[in-house]
Amino acid sequence: MSCERRRGIVDKGYPRLSVRRQCAILQLHRSTYYYQPTGESPLNLKLMRRIDEQFMETPFFGSRRMLNVLRDIGYGVGRDRVRRLMRKMGLTAVYQKPRTSMPHPDHKVYPYLLRNLAILRPNQVWCADITYIPMKHGFLYLVAVMDWHSRAVLSWRLSNTMDTDFCVSALEEAINRYGVPEIFNTDQGSQFTSYEFTGRLREAGTRISMDGRGRWMDNVMIERLWRSLKYECVYLREHETGGQLRQTLTWWFDFYNHRRPHFAFDGMKPMNVYQQGFKPEGAPPLACPEKAA
């Protein structure tokens, strides 16, 4: 259980247990319970938005190249700040590099199962990913669950932290509404390697697949979704509250699923493809990109 979820369980007004005792039961430091995180400065929020926009164009840029871009447009910042902000946004350059960090020691990493796999039907493969969403005075994180064959978005959730709970909630909704996929593919983020997330998939009988580190092409369908979402929706508006953003995303995902034509399927909409299992006549089955050795 994440820190954020445990903090939410603590009840100051509970008559039988003090806050100290509740924190002890939940294995939560009282300092963690009382801590109020400080938001990023207006300058950092501007930098994060600019970094996000640039990353959509050049996902192979690491902190060094991103620093050069920011300096070219007049931001006199240092590489440490750029590196920290990219880490906070969950952005990692897509080029192959030595493993300088290890996955969470308590989390199992599963092999990539989609190499050269022909994806022929809905619910054969689902995927999920998290992206950063800039707002006027802050930012939120968005997770989405997508059916790989149809590109239909089956569920999504917003959160102000990169915890596990909102990812599990999105997974639960997708399973409850659309059934169980044969394979579920994600990256190696701690949210997706967590026991809560993988345990729910194992319980459902789903095979778990995970990308190679730094291999955005292994989950390319949802990366394309983020690009469409940000250019067609997020970057065109400035949302002041999470409620406003949630309302806009509700509209866009409905538009994407039910009204936005997808040329890979002769102009059919993703949810129509999902429901009908449509494949254009004569079109070859979708094959996943080969994973680098």
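This is a predicted model: local features need pLDDT of at least 70, side-chain atom pairs count only at pLDDT 80 or more; totals for chains, interfaces and linings use all residues.
**A mixed sheet, its hairpin and the surrounding aromatic pairs**

Val 145 stands opposite Ser 155 in strand 4. Strand 3, which spans residues 139-147, runs antiparallel to strand 4, and six bridges join the two. Together strand 3 and strand 4 make a hairpin, with five residues lying between them. Within that turn, Arg 151 has a positive phi of about 70 degrees. Strand 4 is mostly covered, with six of its seven residues buried.

Five strands, in the order 4-3-2-5-6, form an open sheet with mixed pairing. Strand 4 (153-159) and strand 6 (207-210) each have a single partner strand and stand at the edges, so one side of each is left without a neighbour in the sheet. From one strand to the next, the twist averages 20 degrees. Helix 9, formed by residues 195-204, packs on this sheet, where it touches strand 5 (183-186) and strand 6. The direction of helix 9 makes about 140 degrees with that of strand 6. As a general point for reading such a sheet, side chains in a regular strand alternate between its two faces.

What geometry do the rings of Trp 252 and Phe 253 adopt? Their centres are 5.5 Å apart and their planes stand at 75 degrees, so this pair is edge-to-face. Trp 252 has 0% relative accessibility and is buried; Phe 253, at 3%, is likewise buried. Elsewhere, ring pairs link Trp 126, Phe 184, Phe 192 and Phe 197 into a cluster.

A further site worth a look is His 239. This residue lies in the loop between helix 10 (220-232) and helix 11 (242-258). Is His 239 buried or exposed? With a relative accessible area of 4%, His 239 is buried, because the cut-off for that class is under 20%. The side chain of His 239 makes a polar contact of 2.8 Å with the side chain of Thr 248. Apart from neighbours within four places in sequence, His 239 is in contact with Met 135, Lys 136, Gln 244, Leu 245 and Thr 248.

Turning to the chain as a whole, the protein chain contains 12 helices and seven strands. Of its 293 residues, 49% are buried. Among contacts with a separation of 6 or more, 63% are between residues 24 or more positions apart.

Note on methods: Residues are numbered from 1 along each chain as its sequence is written. Side-chain values use heavy atoms; hydrogens and water are left out. Two strands pair if DSSP finds at least two bridges between them. Helices (H or I, at least four residues) and strands (E, at least two) are DSSP runs, numbered from the N terminus. Axes are lines fitted to C-alpha atoms, for helices over the stretch in contact, and angles run from 0 to 180 degrees between N-to-C directions. Contact means heavy atoms within 4.5 Å. Rings of Phe, Tyr and Trp (its six-membered ring) pair if their centres lie within 6.5 Å; planes under 30 degrees apart count as stacked, over 60 as edge-to-face and the rest as tilted. Buried means under 20% relative accessible area, exposed over 50%, partly exposed in between (1.4 Å probe, protein chains only). A polar contact is a pair of N or O atoms within 3.5 Å; within protein, one must be able to donate a hydrogen and the other to accept it, and residues adjacent in sequence count only if both atoms are side-chain atoms.
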